[in-house]
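Please load the model in a viewer and keep the selection panel at hand.

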There are 2 protein chains.
Amino acid sequence: MSSLPAIPPFSVECAERARRHQAQLTKPVGSLGRLEELAAFYAGSRGEFPIAVPVRLLVPVFGGDHGVTAEGVSAFPANLSTPILQNVADGGAAISVLARHFGIDVLAVDVGLDGQLLSSARAQVPMLERKVRRGSRNMLHENALTRREGEAALAVGIELARDRARNGLDVAGIGEVGIGNTTASAALIAAFSGRAAANVTGHGTGLDTVGLAHKIEVVEGAVRRVASHTSPLEVACALGGLEIMAMAGFIIGCASMRVPVVLDGVIAAAAALIAERLVPGVREHLVAAHRSSEPGLLVACEELALTPLLDLGMRLGEGTGSVLGLVLLRASVMVMNQMATFSSAKLTTEDHSKGSLSLGLGGVSHR
Amino acid sequence: MSSLPAIPPFSVECAERARRHQAQLTKPVGSLGRLEELAAFYAGSRGEFPIAVPVRLLVPVFGGDHGVTAEGVSAFPANLSTPILQNVADGGAAISVLARHFGIDVLAVDVGLDGQLLSSARAQVPMLERKVRRGSRNMLHENALTRREGEAALAVGIELARDRARNGLDVAGIGEVGIGNTTASAALIAAFSGRAAANVTGHGTGLDTVGLAHKIEVVEGAVRRVASHTSPLEVACALGGLEIMAMAGFIIGCASMRVPVVLDGVIAAAAALIAERLVPGVREHLVAAHRSSEPGLLVACEELALTPLLDLGMRLGEGTGSVLGLVLLRASVMVMNQMATFSSAKLTTEDHSKGSLSLGLGGVSHR
């Protein structure tokens, strides 16, 4: 893995300059809460201040199939992954609708679907064919990917990110489609965090209690099987699907180019955990968009020291949560850049009222 | 108060039709969490299904001053209310920036400022002069408003709402500017909920611990003073500011016309509590946008049976939180209307894969 790019450090100085600027805006200091943090994060991750409002935003949606579906771990049939990603490309998915509304680009990337995306007259979202293999192997019984396959999927993500960054990408979200991938993600998060399978495994798209108990056993079995694997890359290939590896690569590629990534749910978080283990420091360029109902997400966020922004009970995947996170991030920079400062607004009482201003506004604004 | 308009009931049937439609969309049922609830709420409040995406969104920002500031309950000087609302009108406030970005109208309404808004070349937001009185009286020692003043402020809000609704307003947010109004709101919430002042009073724009203890005493004193007041209108006039009464009126006016209102923070919640006590049923047309750091907000939400959507640590007021709530609500209806259904997307595996679909998709989509 000599080819993994270096990660530039988060600029504490630019983030601090953004914070100092926001302290001069016409509001009590800190009163915009996490919006203020987001704007400072953006400046620090990009390493610029002043910094323009992001205009090029992209959510790639990576598709891959999972051999572990043979164990009956999903409420949905395995062969739905391809038509679901096709629906994203055709503009009918939630991510397609939300991204169109909010002026965010989406890209459907087949890195490991068992089926084939079709160009269609309905296609509204560009497609990228980078299939490494038709689905992963069953992680319960054998390594899901060979090292060569894992590296190839990782490279798909890295190259996509670096290419887009060179062409002006400002900030990215990330999404996925892959029946069975909450199972793979749970195994990855358990293996990397040392937590028990039961603490990181959830209902996915809609398992019942019996289904969940079985899924936990499958995750336990897979994690036990790879207990002797020592390197993060080995663990990732043994458990991870192709789309998860590509997502890890995309995250690394973005971070290497100072393009922050707004994560989606548990699968994106598992990919981020792989990325951070492969290249420590990646996490400084990440935002967790939302708290899904999958318990593994919060464990992964803890490992990455991230606190999710939203808690809307969403568990759809596809990048839907990351679109909402991107919308907040872009708005936060806009507020930072376009609000009046106490001095630019001449925010004093002289014109309006008989009283004169006894408290210094500078003092108030810096409280 | 014979002039208070009647509130049409929330249409359980339209909300249910929206839910049933969303169960056919290409996603696991319920997987968009609160976005699905918002879309169903919108259909039920408006009493229509199918229902178009809201295109006319307005956040009126009501300004008023508070006699209780004489007690030293705010970190900001009282005579800042007017220039702060002026800043909203001039486009320099957070609400101005956010609303412009998201295509939402803002209106600055002076219903009780001590000072005077100035038309200026910078004005980006329309202003409405409906001053009932230059600020309220000190609620600790006397009724903040006479009944006549309170009713006049209420009427300003009702008339604005009904006029806008007749001109096509689809959904509203609500905001305010008024130094001292978290104190008035705490007193209103304590009086209407029966909770102790200490449980509903917060730091406002930035009081320290000593300042907060004093503010709690002031709230306690005011609530004690009005203990013999029996009617909701009497209590509201005794404690409420002019902008709070106008907000209550605006909420009533909107609800009477089936225009749902997305509340902001603790002041909007206090106004909603007045509205609900004056005309029970209003609350069915309300959304709580966010959880601010003011403890009274959650108490008011409990009284209104509302659960805030967001928790971003915001405490700015002015309607900033309600803009974000409106953005989510509009997006939720767009997703409901524009996503493919399982049948419209022909979401089957036939074109993509060798396998045929063994699980009925209809069954899955209705889980």
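**Stop 1: the two chains**

Colour the model by chain. A rotation of 180° with 0.0 Å of shift along its axis brings chain A onto chain B at an RMSD of 0.0 Å, which is the relation of a two-fold axis. Select Leu310(A) to locate the axis: of the residues of chain A, Leu310(A) comes closest to it, its C-alpha lying at 3.2 Å.

Two remarks on conventions apply throughout. This is a predicted model, in which local features need pLDDT of at least 70 and side-chain atom pairs count only at pLDDT 80 or more, while totals for chains, interfaces and linings use all residues. Residues are numbered from 1 along each chain as its sequence is written, chains are lettered from A and ligands numbered from 1 in the order in which they are written, and side-chain values use heavy atoms, with hydrogens and water left out.

**Stop 2: the interface**

Select the residues of each chain in contact with the other, contact meaning heavy atoms within 4.5 Å. The selection takes 74 residues from chain A and 74 residues from chain B. Of the interface residues of chain A, 99% are also interface residues in chain B, so the copies meet through the same surface.

The area buried between chain A and chain B is about 5700 Å², with carbon and sulfur atoms giving 66% of it; buried area is the accessible area (1.4 Å probe) that two parts lose on being put together, summed over both. Between chain A and chain B there are 14 residue pairs in polar contact, both residues being at pLDDT 80 or more. A polar contact is a pair of N or O atoms within 3.5 Å; within protein, one must be able to donate a hydrogen and the other to accept it, and residues adjacent in sequence count only if both atoms are side-chain atoms.

Next, select the helices of chain A that give two or more residues to the side touching chain B: H2 (34-46), H3 (81-89), H4 (94-102), H13 (320-338) and H14 (361-365). H13(A) gives the most, with 9 residues. Helices (H or I, at least four residues) and strands (E, at least two) are DSSP runs, numbered from the N terminus.

**Stop 3: Thr26(B)**

Select Thr26(B), in the loop between helix H1 (12-22) and helix H2 (34-46) of chain B. Which side chain makes a polar contact with the side chain of Thr26(B)? The partner is Asn87(A), at 2.8 Å. Thr26(B) also touches residues of both chains, among them Gly92(A), Ala93(A), Met339(B) and Phe342(B). Thr26(B) is buried, with a relative accessible area of 5%; buried means under 20% relative accessible area, exposed over 50%, and partly exposed in between (1.4 Å probe, protein chains only).

**Stop 4: backbone exceptions**

Most residues other than glycine have a negative phi, and most peptide bonds are trans. Select Phe49(A) and Pro50(A), which are joined by a cis peptide bond with omega of about 0°. Pro50(A) is in the loop between H2 and strand E1 (57-64) of chain A. In chain B, the peptide bond from Phe49(B) to Pro50(B) is cis, with omega near 0°.

Move to Ala305(A), which has a positive phi of about 55° although it is not a glycine. Ala305(A) lies in the loop between helix H12 (295-304) and H13 of chain A, and is exposed, with a relative accessible area of 55%.

**Stop 5: salt bridges**

The structure holds 23 salt bridges over all chains, each a side-chain nitrogen of Lys or Arg within 4 Å of a carboxyl oxygen of Asp or Glu. The count between chain A and chain B is 0.

Select Arg195(A) and Glu302(A), whose side chains meet in a salt bridge (2.9 Å, N to O). The pair links distant parts of the chain, 107 residues apart: Arg195(A) is in the loop between helix H6 (181-193) and helix H7 (197-200) of chain A, and Glu302(A) is in helix H12 of chain A. Arg195(A) is partly exposed at 30% relative accessibility, and Glu302(A) is exposed at 54%.

Finally, select Arg137(B) and Glu149(B), a salt bridge whose closest N and O atoms are 2.8 Å apart. Arg137(B) is buried, and so is Glu149(B). In chain A, salt bridges that share partners join Arg133(A), Arg137(A) and Glu149(A) into one network.

Conventions. Least-squares fit on C-alpha atoms with pLDDT ≥ 70 in both. Lists of a residue's contacts leave out its neighbours within four places in sequence.
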